[in-house]
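I opened this model to look up a few elements and how they sit together. My notes follow in the order I took them.

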Amino acid sequence: MLKVHNISGGYGAAPILSEISFQVEKGKMIGILGPNGCGKSTLLKVISGIMSPTFGNVFIDGKEIDQYSTRELAKKMTILPQLHATAFSSTVRETVSIGRYPHQSGFFSSWRAEDESAVKKAMQQTDIEKYENHYLEFLSGGEQQRVFIAQALAQASSLLLLDEPTNHLDIAHQKQILDMIRKEVTENDLTVVSVFHDINLASLYCDEILLMEKGKVRAYGAPHEVLLEEKVMAVYDTRISIQAHPEQPKPQMTILPDLQDTLEKVITVEHLNITNEYVEFKSPFPLKVLSSAVHNAGMGWFANFVNRTVAPNYDIDNVKEEYYQYLVDKDFSPTNTVGMMTAVDTKKAVVKNYSMPFGEVIVVVTAGVGNAIDVSQSYKRNDFFRVGTINTWVLINGKLSDEAFVQAMMTATEAKSKALQHEEVYDSVSNTIATGTPTDSLLIASTQAGELMQYGGPITEVGQVIGKGVFEATVEAVQSYRKGDR
Ligand SMILES: Nc1ncnc2c1ncn2[C@@H]1O[C@H](COP(=O)(O)OP(=O)(O)OP(=O)(O)O)[C@@H](O)[C@H]1O
């Protein structure tokens, strides 16, 4: 559909673009990314024919753009430049209608039903019908932006060139406009080339990313191929981290700020409090946490940890809601607390702390094994809801990578299973050594201060202490549980 071949050029003698080549297939959406001043807008101007290159050619459907008449080109291609303050004196409807100009044989002399419906549809798609008769100067920046997007859509060409289309838009309208443009791409084979400043939006919505640096193409390909941490950091000269999007297979980046942190980040057993009702750890600052808790499970940053005791016959339909209310009633911040529950007497919680070269590691375990189960035999049973849970916390003065967090979970789980084997805890149904209970929870929390520990497996420093600590604490907790009646 679009072929950009070896384009070089700039303003006057100053070279801005250098040897740019790429191709875009029909029905694809391409995002142009790059730092301020790298030539993104200039490239769009060259593609649209507003600016002539010094070298190179632009082809649309196999034909060079200067072979098209102005009207023919406007039917093929629409450009929506960056919004600049101008003196408007037209209504929304009049502005959108200008998009139909290339379809007229004389200026507004042959307005047809087709034009009318294109204008109406574009106004609907951009959610501006309600401003139809308003003058543009009385609209907000975001509303004006939507009017110009509507004008571009009304033109109904097969190639849309956009320069930061979501500039000025709030997140709901960014999503609405990009969802709508994407729908046109997917369902009606619209081809879009758009400049973005927001790398995450470009990644989410585009099929391909053209990453520019100083007037050159640094990379061109699918978002997961182009948006690599090292590459983005080098091109933008800033610190970022790339993560997975929660729903789409598209990389998302987060800025890593260079903030001065004056607080000394140390946690100790002093922050632990054990009552009849719960085991509580209150860190003076948020810790990075990975857990399988009832409340606030998963990865996040939290300062408070609660392992609350419930009656052995606790049976509530909506456990999460009930737990939330419990935290509110007890003055714990629900957004800053990870919550677990157990039927074990919390006074029997076993606390161990270990001094390591990188910092202290605190292990807290409550164990009830009345419902112990051998995971390899669990498929034989369906009565999972008897009392008995092993809840484990590993609180680390140290800095773990995501990889180390996951490995720490594995190391702790293996240590727990080994403790049950050591204590000869049996699965009462299969009569084999148990590996855990059906409702065990595990939490790894870390101050994220100090040297980065990349790995958390059994032979790493942190893995060794997790293995030993969780084993010892679980053995003791099981022994203590067996001495009592809960
Ligand atoms: N009309 C102009 N005359 C002369 N130089 C210009 C003109 N427009 C842009 N430039 C220069 O060309 C270079 C590239 O500008 P361009 O607008 O293409 O960058 P961009 O990547 O779109 O930047 P931004 O992200 O800031 O919008 C810049 O150094 C800019 O100063």
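Predicted model: local features only at pLDDT ≥ 70, side-chain atom pairs only at ≥ 80, totals over all residues.

**Helix pair H11 and H12**

I began with two helices and found that H11 crosses H12 in a right-handed sense. H11 covers residues 402-422 and H12 covers residues 461-483. Their axes come within 8 Å, and I read the crossing angle as roughly 35°.

I then listed who meets whom. On the H11 side I noted Ala404, Ala408, Ala412, Ala415 and Ala419 among the contact residues. Lys416, Lys418 and His422 are also among the H11 residues in this contact. The H12 side includes Val462, Gly463, Ile466, Gly467, Val470 and Phe471. By class, the contact has eleven nonpolar, six polar and two charged residues.

**Helix pair H4 and H5**

Next I looked up H4 (residues 113-125) and H5 (residues 141-154), which pack at an angle of about 140° with axes 8 Å apart. That angle makes H4 oblique to H5. The crossing of H4 past H5 is right-handed. H4 brings Ala118, Val119, Ala122, Met123 and Gln125, and these meet Ala150, Leu153 and Ala154 of H5. I sorted this contact into seven nonpolar residues, one polar and no charged.

**The four-stranded sheet**

H1 also turned up in my notes on a sheet. This open sheet has four strands in the order E2-E1-E4-E5, with antiparallel pairing. E2 (14-24) and E5 (63-64) are the edge strands; each has a single partner, so one side of each is left without a neighbour in the sheet. H1 packs on this sheet and touches E1 (2-11), E2 and E4, and its direction makes about 65° with that of E2.

I checked the E4 to E5 pairing separately. E4 (residues 55-60) is joined to E5 by two bridges, and the two run antiparallel. Phenylalanine 59 has glutamate 64 in E5 as its bridge partner.

**The six-stranded sheet**

I found an open sheet of six strands, ordered E6-E7-E8-E3-E9-E10, and its pairing is mixed. Which strands stand at its edges? They are E6 (77-80) and E10 (216-221); each has a single partner strand, so one side of each lacks a neighbour in the sheet. On average, neighbouring strands here are turned by 15° against each other, direction ignored.

I noted isoleucine 79 with its bridge partner leucine 161 in E7.

Last, I followed E15 (residues 298-309) to its partners. E14 (residues 278-291) runs antiparallel to E15 and is joined to E15 by ten bridges. Tyrosine 278 has arginine 308 in E15 as its bridge partner. The hairpin of E14 and E15 has six residues between the strands, and asparagine 296 there takes a positive phi near 60°.

E15 also pairs with E16 (residues 337-342), in the parallel sense and over six bridges. Arginine 308 stands opposite methionine 341 in E16. I marked arginine 308 as an entry that links both pairings, with tyrosine 278 and with methionine 341.

Key. Residues numbered from 1 in each chain as written. Axes fitted to C-alpha atoms, helices over the stretch in contact; angles between N-to-C directions. Parallel < 35°, antiparallel > 145°, perpendicular 65-115°, else oblique. Left-handed = near helix turned anticlockwise from the far one by under 90°. Contact = placed C-beta atoms within 7 Å. Nonpolar A, V, L, I, M, F, W, Y, C, P; charged D, E, K, R; others polar. Pairing = 2+ DSSP bridges.
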